[in-house]
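Below is a short briefing on one protein chain. Look over the sequence and the structure first, then read the points that follow.

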Amino acid sequence: MNWDQIEGKWKEMKGKARTSWGELTDDELDQVGGKKDELIGKIQQRYGLEREEAERQVDDWANKL
């Protein structure tokens, strides 16, 4: 699924993101609003990951949708 589709269906996708990254709060996911860079940044902050690793996780997640 591409990011335009994810962004357009973010309310549905939010639950799937929550399953993958359970430490993210509903407020944080609302702030993301389906924007890839925002999601990567939140994952980096919450999990203490390097940007490349967070980006890899997000890409893997999107490809499974």
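Predicted model: local features only at pLDDT ≥ 70, side-chain atom pairs only at ≥ 80, totals over all residues.

Leaving aside its neighbours within four places in sequence, with which residues is Leu65 in contact? The contacts of Leu65 are Met1, Ile6, Met13 and Lys16.

**Overall fold**

- The protein chain contains five helices and zero strands.
- Read from the N terminus on, the order of its elements is α-α-α-α-α.
- For 65 residues the globule rule gives a radius of gyration of 11 Å, and the value for the protein chain is 10 Å, close to that figure, so the chain is as compact as a globular protein of that length.
- The C-alpha trace of the protein chain spans about 25 × 25 × 20 Å along its principal axes.

**Contacts, surface and charge**

- Take the contacts in the protein chain between residues at least 6 apart in sequence: 39% of these join residues at least 24 apart.
- Of the 65 residues in the protein chain, 29% count as buried.
- The protein chain has an accessible surface of about 4,200 Å², and carbon and sulfur atoms account for 41% of that surface.
- There are 12 positive and 16 negative side chains in the protein chain. The centres of these two sets are 4 Å apart.

**Glu28 and Gln31 in helix H3**

- Helix H3 covers residues 26-32, and Glu28 is in this helix. Gln31 also belongs to helix H3.
- Is Glu28 buried or exposed? Glu28 counts as buried because its relative accessibility is 12%, and the cut-off for buried is under 20%.
- Gln31 has a relative accessible area of 52%, so it is exposed; the cut-off for exposed is over 50%.
- The side chains of Glu28 and Arg46 make a polar contact of 2.7 Å.
- When neighbours within four places in sequence are left aside, Glu28 is in contact with Glu23, Lys42 and Arg46.
- Lys42 also takes part in a polar contact with Gln31: their side chains are joined at 2.7 Å.
- Gln31 and Gln57 are 26 residues apart in sequence, and their C-alpha atoms are 19 Å apart in space.

**Gln44 in helix H4**

- Gln44 is part of helix H4, which runs over residues 36-47.
- With a relative accessibility of 23%, Gln44 counts as partly exposed.
- Which residues does Gln44 contact, leaving aside its neighbours within four places in sequence? They are Leu49, Glu50, Arg51 and Ala54.
- Ala54, one of these contacts, is ten residues from Gln44 in sequence, with 5.9 Å from C-alpha to C-alpha.

**Leu65 after helix H5**

- Leu65 is placed in the segment after helix H5, a helix that covers 51-64.
- The relative accessible area of Leu65 is 31%, so this residue is partly exposed.
- Along the chain, Leu65 and Gly22 are 43 residues apart, and 17 Å separates their C-alpha atoms.
- To return to the opening question, the residues in contact with Leu65, neighbours within four places in sequence left aside, include Met1 and Lys16.

Terms used:
Residues numbered from 1 in each chain as written. Heavy atoms only, no water. Helix = DSSP H or I, 4+ residues; strand = E, 2+ residues; numbered from the N terminus. Buried < 20%, exposed > 50% of the residue type's maximum accessible area, 1.4 Å probe, protein only. Polar contact = N/O pair within 3.5 Å; in protein donor to acceptor, adjacent residues only side chain to side chain. Contact = heavy atoms within 4.5 Å. Rg over C-alpha atoms; globule rule 2.2 N^0.38 Å. Areas by Shrake-Rupley, 256 points an atom, 1.4 Å probe, with all protein chains shown as cover. Lys, Arg positive; Asp, Glu negative; His and termini not counted. Charge placed at Lys NZ, Arg CZ, Asp CG, Glu CD.
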